[in-house]
Protein chains: 6
Amino acid sequence: MYYYKEELINQIVPDQPDPAAAKVLQEALGGHYGEMRTMMQYFFQSSNFRGKATQYRDLIRGVFLEEISHVELVQNTINQLLNDSGNSTGVGNSGVNGAPLDEAVKHANPHHFIVGAQASLPVDAGGNPWNGSWVYSHGNLIADLLDNLVLESTGVLQKSRIYEMSSNKTFRETIGFLIVRDNAHQNAFAKALETLGVDWGKLFPVPNYDINKYPECRKFVDMGYHNMQFNFRLDDTRIGEVFQGVSPSRNKGQLLVTQPPMGFPVPNLPDMPNEHSPGLQDMNL
Amino acid sequence: MYYYKEELINQIVPDQPDPAAAKVLQEALGGHYGEMRTMMQYFFQSSNFRGKATQYRDLIRGVFLEEISHVELVQNTINQLLNDSGNSTGVGNSGVNGAPLDEAVKHANPHHFIVGAQASLPVDAGGNPWNGSWVYSHGNLIADLLDNLVLESTGVLQKSRIYEMSSNKTFRETIGFLIVRDNAHQNAFAKALETLGVDWGKLFPVPNYDINKYPECRKFVDMGYHNMQFNFRLDDTRIGEVFQGVSPSRNKGQLLVTQPPMGFPVPNLPDMPNEHSPGLQDMNL
Amino acid sequence: MYYYKEELINQIVPDQPDPAAAKVLQEALGGHYGEMRTMMQYFFQSSNFRGKATQYRDLIRGVFLEEISHVELVQNTINQLLNDSGNSTGVGNSGVNGAPLDEAVKHANPHHFIVGAQASLPVDAGGNPWNGSWVYSHGNLIADLLDNLVLESTGVLQKSRIYEMSSNKTFRETIGFLIVRDNAHQNAFAKALETLGVDWGKLFPVPNYDINKYPECRKFVDMGYHNMQFNFRLDDTRIGEVFQGVSPSRNKGQLLVTQPPMGFPVPNLPDMPNEHSPGLQDMNL
Amino acid sequence: MYYYKEELINQIVPDQPDPAAAKVLQEALGGHYGEMRTMMQYFFQSSNFRGKATQYRDLIRGVFLEEISHVELVQNTINQLLNDSGNSTGVGNSGVNGAPLDEAVKHANPHHFIVGAQASLPVDAGGNPWNGSWVYSHGNLIADLLDNLVLESTGVLQKSRIYEMSSNKTFRETIGFLIVRDNAHQNAFAKALETLGVDWGKLFPVPNYDINKYPECRKFVDMGYHNMQFNFRLDDTRIGEVFQGVSPSRNKGQLLVTQPPMGFPVPNLPDMPNEHSPGLQDMNL
Amino acid sequence: MYYYKEELINQIVPDQPDPAAAKVLQEALGGHYGEMRTMMQYFFQSSNFRGKATQYRDLIRGVFLEEISHVELVQNTINQLLNDSGNSTGVGNSGVNGAPLDEAVKHANPHHFIVGAQASLPVDAGGNPWNGSWVYSHGNLIADLLDNLVLESTGVLQKSRIYEMSSNKTFRETIGFLIVRDNAHQNAFAKALETLGVDWGKLFPVPNYDINKYPECRKFVDMGYHNMQFNFRLDDTRIGEVFQGVSPSRNKGQLLVTQPPMGFPVPNLPDMPNEHSPGLQDMNL
Amino acid sequence: MYYYKEELINQIVPDQPDPAAAKVLQEALGGHYGEMRTMMQYFFQSSNFRGKATQYRDLIRGVFLEEISHVELVQNTINQLLNDSGNSTGVGNSGVNGAPLDEAVKHANPHHFIVGAQASLPVDAGGNPWNGSWVYSHGNLIADLLDNLVLESTGVLQKSRIYEMSSNKTFRETIGFLIVRDNAHQNAFAKALETLGVDWGKLFPVPNYDINKYPECRKFVDMGYHNMQFNFRLDDTRIGEVFQGVSPSRNKGQLLVTQPPMGFPVPNLPDMPNEHSPGLQDMNL
């Protein structure tokens, strides 16, 4: 069973609204290689696990638990980027208070303004809905681990490209955090395969990103986040039997299972009466 | 952030394998009105919530948290129904130990035997993958609550039909539990709308199922599960401001926020060397 | 605007329930080349029509109007094939009144029993939902007419194959009627292209079905249905400027715009309390 | 069977072309909560209806019949918004007569210019094709009515947001009309549930839109369109047994079954030789 | 079995990058009527062919073989249009060397920059992935040929519209070539139907494009490419039994089976270190 | 450009028809990890390749070329399994000559009998159409190679499970051949990563299948097919710079680039007049 404390795994840094950034960031939420995929893939792999080598199941499940909070982080980041964007001036188009909605919509995902009240959706950067056929859970541990490794590598690769699409601080803080955590999960699955006999040489991390070019990543690397696995278990776990020792990546360092980070507040989104959200304004609640 | 204790929210009752039952039970996992949908819908609605009436957000989030463990329960039930089914006798078809796989496959979802190693998948009873476009999170609280009510009502309705498709005990225990819990969640959203002024009369529960016809539901109703909301929060929650007082259903009773049930063990699935699952048999692990 | 009289365009012939036949007949309703496609394709083509040669628009729209009643006919046929199938004996499996549901479900579309209360769905024979990308409306009249011709030819071709899949009379009566009407619509579009200069020789009808092998088609051919276009317009139409003269098919005959056929009663489906359909049994309505 | 008179249910008000508006208006045609969905959902629900309480079937069918003309209205509105947009200057790019097509395309749905000859498509605002899995027809009357209520509420909610995306008069006239009619259909389904015992209090309409902010809605409300149900039946109907008495919405008024509105002319779209539409220019027709 | 020589079937003409043009050109690659569809449709039709009239199978297969090189041509054209676009100035946004990526992305398919390293994808102009349900292979030769004719006609029609969307030379050279070759394939399938008895009159080509308006087509028409079928067989073929004699189009000319054109070099795309493509820069390869 | 010689890459071994086997074998053709995916994935990766290390491009392209003939092999195998199955006795159901079609259809993919004239389709074992979003071409060579490795490993894994589903000889011969060739391609991509520094230890092949349990694989292993790369280039290629030396799998052996195997005849499928395929029977061709 699953328990919750209302805290985000990283902070939401304030900046201007940016619906075009929100649109592309959806890839990290509902894309083929986004956080919903990682969350559901590791969920199915841990529930479907066979055999006694449960240290691997605990590793996969451990990453799954963190991915739930990644989904929540990206949802909140997208909401922040959309909030107060396309600030329509009231029905009737009097045009006093802000940019007309049609400007915002031109470079936005129109569903952010039609389906959501300027809020996140389970879709990718092209607006395609998340799809269950993307989940890989084939029961063969080596194949599953290799696919997880591709998934985490692609996560970093895509994020290093998404990073270029806006210099918005809200946007880049979240991307920077996720790049480092994807790197840690890449290390987790690479290490698991190392325990099965692989020597990766200097292959990882994939892609070979230069930490100096991503200042938002730097602080997390300085804290060692790329070599840590946060433990969200309220009971025992064998994860440390795999996630330990020297990192399988060429950057080395020691792998370490730790407590989760101190949480950050979940932002409260204001009412949007023009969007009829939440729509209770006349109900005196 | 999300925490986990390795316990199922209900028991897995042992019975014979039944891949045809596993196939139809997929509807309750990856179907349009299944547990993956409820889980993701309430996740998006709680993250995207606007305004100060956060007692409703806490209600929605509270149901979300339970749905994660429902997904886990159905995954494990499907795995149990598939395990040891189509017990192929070893490559080469010597046919000694059990039914040939082709018999099992005739009335099964073939992907249960090709993609999974006889394990659950994120698809519905027809084999269609779960789709993000099903998630309803429109930002208007009344519309969201009404849709949640339709979702939970349809959940019970579909399960009352799926129930007829096999008398397997593993299958029916899980369906019986979920019917009662969907009923509780139906009460939660109906009550939320009651606090906004609706009087439901004798409309609920939908469908009007007769508890005497579902013996697997009886014990949970006797324990009052249809009027309880389990609380998985490690911090404070305003859920009790909504989920309290007389039930909005015609069966009445008092709504009550309680501790989660005592957990049940997560089954360990055995190795399936013929399925190359987990595929470590020669690695001395 | 659209008007309705509660009458079916052909009769529903009684026979035994046959859920396997219902499953394959879905192709004629929600398949790539089924009646929902023809209905929506001609709807879009007539609304999107450009230019003054409106006799072609009226032809396309005329076929569209009939297709609505074809959709209704197939829905009712599927319902008849499903009704009273998988006659579950009441919850609790007492097994007195009929075949257990799990038998019916084995060769059925499970969604017929989970989503519908043994009723039709907007899906194809494989359970894939109807998809808007199938609609062809490209604005070039010749291309549109050629595609319509392929659509109607494929309609007959598929139905001549579906016909083989069951000898159920309910099933074959509807298929027989639709084969002849698809043939008439094939003639309509072939004739339209003939007015633009094509001489089809002996190419049509496609496929070259032998009327003697389809006794259910015979009576309709004897009535000349393969060369008639029913007129559902309450105002004037130029359809007769195209649909006239000698049939473009090798079977010849004169094309004729006529009144619609005398209607047949729409069957009333009985309550299914076990399916909670309509679910009003305790409400004294 | 279905009959037709070539008249639109509301007028097409002339204004400038606006392909960006056409793109977002597709949501009201082919979106998850658009007119194609309402049309097909009520079609399936009325054909699949079980039991003797046929006053509810007649209500659902009555709304279905109007939805066909809504689909036609939105198709024509989109066509008007696209017509003469991206006025390419003739092949070879001489650039004399109008804006180059590439400007129009930048904020447009590119399929409006590639698949259609600047004409409507069965897709949503994001370009995703209409999907049959959206249709809800579960056979339980209460669940069906609740889902219909969510569908109509979401229809108004989305349209109140789409309304903000352009001040084009062609666009807003159609949206204004549809908001009021969706409100009437919301009243129809809310009333049906009221006859089953629900007291809605002040919950409806959802969303709680302010008629004064939508001048295009005002005239229709003044005519009482929000409380009328147009009757498109050529034979008897029991719809008036449900749709009568005081409106279930907080705005009250008397529900009334009436004749359809006087029709408006269906616009004739001009030839577009550059688009090869209809492509008959050299054929002397 | 299939053999390859690294040569393109037409040249890649250099011009400026144009990601908006790349986006719409995707329709010709991964669209419903694009080159991936023609390739796969003719592949299935030739493998699934029944009966002894193998001259038709050889015709279909002959076109299939050319379509593989069309797919390759469009992939390379899209790559050229994307290459060096959104020339980001290095992570950290120093903005010296070129346009910031966010400008490029605004009118681009974002997946061109997230999934691909500024490279082609198997999707259409709206970003929808290529779909196998589009392939038409029904086994009836006449129906298959008619559908192929619609497919090739739609190919030219769409390309004549896509042509208007950019005056980029890289873009228009490829479109011009493909228009003429689609015309040739249209002639191939029209001729095949002519051998079965059809007289097309002046119907073809569809659409009736004016060669003088497409200067990029002119040179290919002057070389007779619209009446040639390139032969990629290394063994015998009966294609010439069908593809011979007078062209079925109103433009006449003699159909001729010929050798493939002289090939053109496949461009080498440079490294993009910022995109981590190919990502080997530190590996001394 | 691509050239063809009408020869299959392996033989079609005769056996009884088996439509249930044809249904599951579709996974190897149109499934997520089937031959259409491998073919298209390597096609896009080779066309989109960046940089000077073209020995890797030539390796990927080399595998692509073979995959086209794998698609053709599976199409022909499915056709053989379907041919003469559901041998309907002629329209009218006289039931003399063979099994009625409805029996065949019960455990078959109904589209094999409705869409195809008992012939292959671009769908998976569950009837879901092939989807372009499955193609992985991200531009980072290491990520691409890792994904290719997962793809080939999953190919073997799935085929080792599909193998169990029928003992039909036509079926198993093709599966046996493909298992060994997937193994060779696995070696190709594993070797490519080895040249980038990885030491795989004893990880491969994945899965760890026992050659003695798959007699149909044995002959190909004896011929060394698991360590060969067939060369389909008519010009030079650098593939041998990568595919050489000791195999990266624990089974060792020397990697070798060789000529393609001697081809096998492509079967001619007989007419099926009842299926209207090819439908020319009355045309004297």
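Two strands are said to pair if DSSP finds at least two bridges between them, and strands (E, at least two residues), like helices (H or I, at least four), are DSSP runs numbered from the N terminus. This is a predicted model, in which local features need pLDDT of at least 70 and side-chain atom pairs count only at pLDDT 80 or more, while totals for chains, interfaces and linings use all residues. Residues are numbered from 1 along each chain as its sequence is written, and chains are lettered from A and ligands numbered from 1 in the order in which they are written.

**View 1. Strand pairing around S4 of chain B.** Strand S3 (residues 245-246) of chain B pairs with S4(B) in the antiparallel sense over 2 bridges, and Val246(B) has Gln254(B) as its bridge partner in S4(B). Strand S2 (residues 228-230) of chain B, in turn, pairs with strand S4 (residues 254-258) of chain B in the parallel sense over 3 bridges; here Val257(B) in S4(B) is the bridge partner of Gln229(B).

**View 2. Strand S1 of chain E beside S1 of chain F.** Strand S1 (residues 2-4) of chain E and S1(F) pair in the antiparallel sense, with 3 bridges between them. Within this pairing, Tyr3(E) stands opposite Tyr3(F) in S1(F).

**View 3. The side of chain F that touches chain E.** Counting two residues as in contact if their C-beta atoms, placed from the backbone, lie within 7 Å, 62 residues of chain F are in contact with 62 residues of chain E. On chain F, strand S1 (2-4), helix H2 (35-47), helix H3 (54-82) and helix H6 (141-162) each supply at least two residues of this side, and H3(F) gives the most, with 7 residues. By class, the side of chain F that touches chain E has 32 nonpolar, 21 polar and 9 charged residues, where Ala, Val, Leu, Ile, Met, Phe, Trp, Tyr, Cys and Pro count as nonpolar, Asp, Glu, Lys and Arg as charged, and the others, Gly among them, as polar.

**View 4. Chains E and F superposed.** With copies superposed by least squares on the C-alpha atoms of residues with pLDDT of at least 70 in both, chain F can be laid on chain E with an RMSD of 0.0 Å by a turn of 180° and a shift of 0.0 Å along the axis. That is the relation of a two-fold axis. The same surface serves both copies, in that 100% of the contact residues of chain F recur in chain E.

**View 5. Helix H7 of chain D.** The expected span of a helix is 1.5 Å times one less than its number of residues; for the 27 residues of helix H7 (residues 169-195) of chain D this should be 39 Å, and the end C-alpha atoms are 39 Å apart, which agrees. A residue is buried if 20 or more other C-beta atoms lie within 10 Å of its own, exposed if 12 or fewer, and partly exposed in between, with C-beta atoms placed from the backbone. Of the 27 residues of H7(D), 25 are buried, so this helix is largely enclosed by the rest of the structure. H7(D) is followed by Gly197(D), whose phi is positive, near 115°.

**View 6. The fold of chain A.** The secondary structure of chain A comes to 8 helices and 4 strands, and from the N terminus on its elements run β-α-α-α-α-α-α-α-α-β-β-β. Of the 285 residues of chain A, 69% count as buried, and the C-alpha trace spans about 70 × 40 × 35 Å along its principal axes.
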